[in-house]
Amino acid sequence: MDEDDSNWEQHESPELTKETFHVAGKDLHIYKAPKFDSGFSGTFLTGQSLWPSAKVLALYLTLIAETVKSASGVLELGSGPGLVGLTAAQLAADTRGKVILTDHEERVLQITRMNIAANFPSQSDSPRCAHLTWGENVEEFRKQHGQFDLILGSDIVYNEDAIPRLFRTVQALLALNDCSTFLLAYDTRGGWLDGQVDRHSEQVGLEREDIVIAEIPACKQLLASIEWDYPLEDKLRLLKFTKKAER
């Protein structure tokens, strides 16, 4: 993983930085905001930055590449710069068009589209990008794009009010079969989010499996390489959700 702070001269975003990830024999170049705020100053939104949980989930996808390849459809929720969805698209190889990256903020989607174009210049094999607000017009989205065997989300549960809408959206868009999976990575922020995530996932009929990051050598090494304000290994959670079998 290399950090490159050079600007992308093709775009009018001189403050963007680039981070490069090596996935399936190819470099993925992710352009992102180097800093963030609440948006009130007119600079960057948090969704335009790249967070540690996205790096963990992207790395985990490379470890389960066959699952990504076998999925008939892959959806990323709250894509931000798009590292996770672009990793899935690269792993999917000759079926990249089945991957859709989504967000609800147009300013964030601009960076998402930028990164899709930078890494998949051919429109015939690139992942797609779409607007999606959780809990709004989800049925129309499903009619247009279908359901998905694999749904992905990283650091998208920092707002307590959004958690029930997130899981209702996952419930509607996750295909009902034995292999359908929702992977969620997030910073527990002191643990107060965990109860909300567990409760609302159960309410929509999802079963949870904890993936212990500390037991995955590659993820442990990744976290050790990230400069952060606190030890990430104890703060990040990686969960696998599947639909409960009907009895």
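User: Which residue is the bridge partner of leucine 75 in β5?
Analyst: In this predicted model, leucine 75 has isoleucine 100 of β5 as its bridge partner.

User: How many bridges join β4 to β5, and do they run parallel or antiparallel?
Analyst: Strand β4, which covers residues 74–77, is joined to β5 by three bridges, and the two strands run parallel.

User: And what about β6, how many bridges join β5 to it?
Analyst: Four bridges join β5 to strand β6, residues 128–131, and this pair also runs parallel; within β6, histidine 131 is the bridge partner of aspartate 103.

User: What sort of unit do β5 and β6 make with helix α4?
Analyst: Together with helix α4, residues 106–119, the strands β5 and β6 make a β-α-β unit that is right-handed.

User: Is β5 itself buried or exposed?
Analyst: Strand β5 spans residues 99–103, and because five of its five residues are buried, the strand is largely enclosed by the rest of the structure. Val99, Leu101 and Asp103 point one way from β5, while Ile100 and Thr102 point the other way, and all of these are buried.

User: Changing topic, at what angle do α6 and α7 pack?
Analyst: Helix α6, residues 162–173, packs against helix α7, residues 192–203, at an angle of about 35 degrees, with the axes 9 Å apart, and α6 passes α7 in a right-handed crossing.

User: Which residues meet there?
Analyst: From α6, the residues Ile163, Pro164 and Phe167 meet Leu193, Gln196, Val197, His200 and Ser201 of α7. The residues of this contact of α6 with α7 divide into five nonpolar and three polar, with no charged residue.

Definitions and conventions
Residues numbered from 1 in each chain as written. Predicted model: local features only at pLDDT ≥ 70, side-chain atom pairs only at ≥ 80, totals over all residues. Heavy atoms only, no water. Axes fitted to C-alpha atoms, helices over the stretch in contact; angles between N-to-C directions. Left-handed = near helix turned anticlockwise from the far one by under 90°. Contact = heavy atoms within 4.5 Å. Nonpolar A, V, L, I, M, F, W, Y, C, P; charged D, E, K, R; others polar. Buried < 20%, exposed > 50% of the residue type's maximum accessible area, 1.4 Å probe, protein only. Pairing = 2+ DSSP bridges. Right-handed = clockwise from strand over helix to strand, strands pointing away.
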